[in-house]
Amino acid sequence: MVVGPEDQQENSDEAVKTVLKSLDDPETAGLILEEQANALKKILGDPSVLKLIRAHDKLEEGRKQVENQDTKQLAKEVLEELEPKVATDNNAAELSGLLQEPHFLALMESHDAVAFKTYDSPPPYSGIENSNGYGGGEPIRMVGLHKQTNEHLGVTLKVDDGQLVISRIIHGGMIDRQGLLHVGDIIKEVNGKDTGGNAEELQNYLSKSMGKITLKVLPSYHESPALCQVYVRAHFSYDPTKDDLIPCADAGLAFEKGEVLQIVDQEDPNWWQAKRVGSSKEAGIIPSQIYEERRRAGVKKPKSGGGFLCGSKKKQKMMYTSAKNSEFDKHELTLYEEVARMPPFNRKTLILIGAQGVGRRTLKNKLIMSDRARFGTTVPHTSRQPREGEQNGQGYFFVAREEMERDIRAGKYIEYGEYDGNLYGTKIDTIREIMRSGKMCFLDVNPTALKVLKTPEFMPYIVFLAAPKFETLKEINQQALSKGTTNKKRSDEELRNVVAESERLYNLYSHYFDLTLVNTDMDATFQKLEDAIDALSTEPQWVPVSWVY
């Protein structure tokens, strides 16, 4: 509430004339040095100074006076009225917290100082009265919460110098939505009970509490980190209930291999906060890339209070040789792959991976024959001599062994091998030629070539054709024999080898696969593959971020 202005000040022009006249008055002339009097006359006679004086008078005419001279006391009275509603009304609890903020109280003091022109140096801020039991100068805040049954607060705690400190606020949780607590805040009391510096005991107490919860907090005033916008595809499954090292299992986020997650907080180097893409639920804790790598490699975690060990296995060291590429694939550790969401688009290549004998070649031929204008495949190169009736470029490109060896050394082949004294291989330029024609290049390559092909240049859609269980595979082979579609009867040992090889390939290279199909029926598998390829041009895709940036 405000009131009107006080009496008008005397006319500025008349005041200036009075001062100038007094400087020439013989009775007052002796009170000031002549040099000073002349300087004052010069200043007061300056037209710009007169304009400033008039402007000041104009501002003073419109000034209104604040009726309440102590806004801090007014804020205190509002807090007393809000107190009964803090436990049941989130808006009231938020307003109560804001009115107790030291920054807000300082703003009120500044307002009073400007309003009443009390420009003397203010006394040192005394904070909350010593009656709070924590000494002068500590700006203790009271934060009111209202907790529903089985509702998580979305906060984890740690002990630092014998005090309970908020170490993490879960994105999207109750505390995060309310915005009254921050990382680094010290919790002194809960419902009037001293916390005692026991994080586990307090976590259990809060999890069982319902209804009104009042926290006495010593604020940290740490700036909240900006929301992280990183998306990753998980290449392993995770269950927080089975992780003994997670800070809080209830706050953990379970996920399955292949799921896309949004990482919303990476402040903690060991534990990230993430949520499933498209989910409206609050975020959860997951192990970070570096932490999970240390755990799997058997490296001790840097001590941060708990001093946990992540394992006891020793690292395996070996020199790199290209001939043992598959050996290195066994030790390749891919946990999270950063991805970006792209609008529908057609991939440039289609790569089919699978164990020998699982039906990979049959599926390849079936798909190419279904639409030759859409799909194409490469013609391999060989150093052997053409047989009678063979033509160069039809079935094989025939080149001299010396030329082929030179191109292999120059890295012009995506894969190669030797059979019966002759070299065979797929040249990278033949892939580019199919791509330039506008067709999707169908590749049937060794999985060791995937790390070379999964690039922005080739943009592959990688499909793994998995073998079914041994019993199913045996039944399929018997049906094929009875129908006459094959004349080769496979022994149980051969079939078991196919299943074992399929499992080995999946374990080693599954982080490359966009789609996995279990081949229990060729027609059904073909239809699923065709539908998946068609969906590329109609549905958004998650692709490696390196393809975009």
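A crossing of two helices is left-handed if the near helix is turned anticlockwise from the far one by less than a right angle, and right-handed if clockwise. Here, α16 passes α17 in a right-handed crossing. Helices (H or I, at least four residues) and strands (E, at least two) are DSSP runs, numbered from the N terminus.

This is a predicted model, so local features need pLDDT of at least 70, side-chain atom pairs count only at pLDDT 80 or more, and totals for chains, interfaces and linings use all residues. Residues are numbered from 1 along each chain as its sequence is written, and side-chain values use heavy atoms, with hydrogens and water left out.

Back to the helix pair: F470, L473 and K474 in α16 meet D492, L495, R496, V498 and V499 in α17, where contact means heavy atoms within 4.5 Å.

Now for the sheet. It's an open one of 4 strands, in the order β17-β16-β19-β18, with mixed pairing; two strands pair if DSSP finds at least two bridges between them. β17 (397–398) and β18 (413–419) sit at the edges with a single partner strand each, so one side of each has no neighbour in the sheet. Strands β16 (residues 381–382) and β19 (residues 422–427) run antiparallel, joined by 2 bridges. H381 has G425 in β19 as its bridge partner.

| Helix | Strands touched | Angle with β19 |
|---|---|---|
| α13 (residues 401–409) | β16, β18 and β19 | about 45 degrees |
| α14 (residues 428–436) | β16, β17, β18 and β19 | about 35 degrees |

Definitions and conventions:
Axes are lines fitted to C-alpha atoms, for helices over the stretch in contact, and angles run from 0 to 180 degrees between N-to-C directions.
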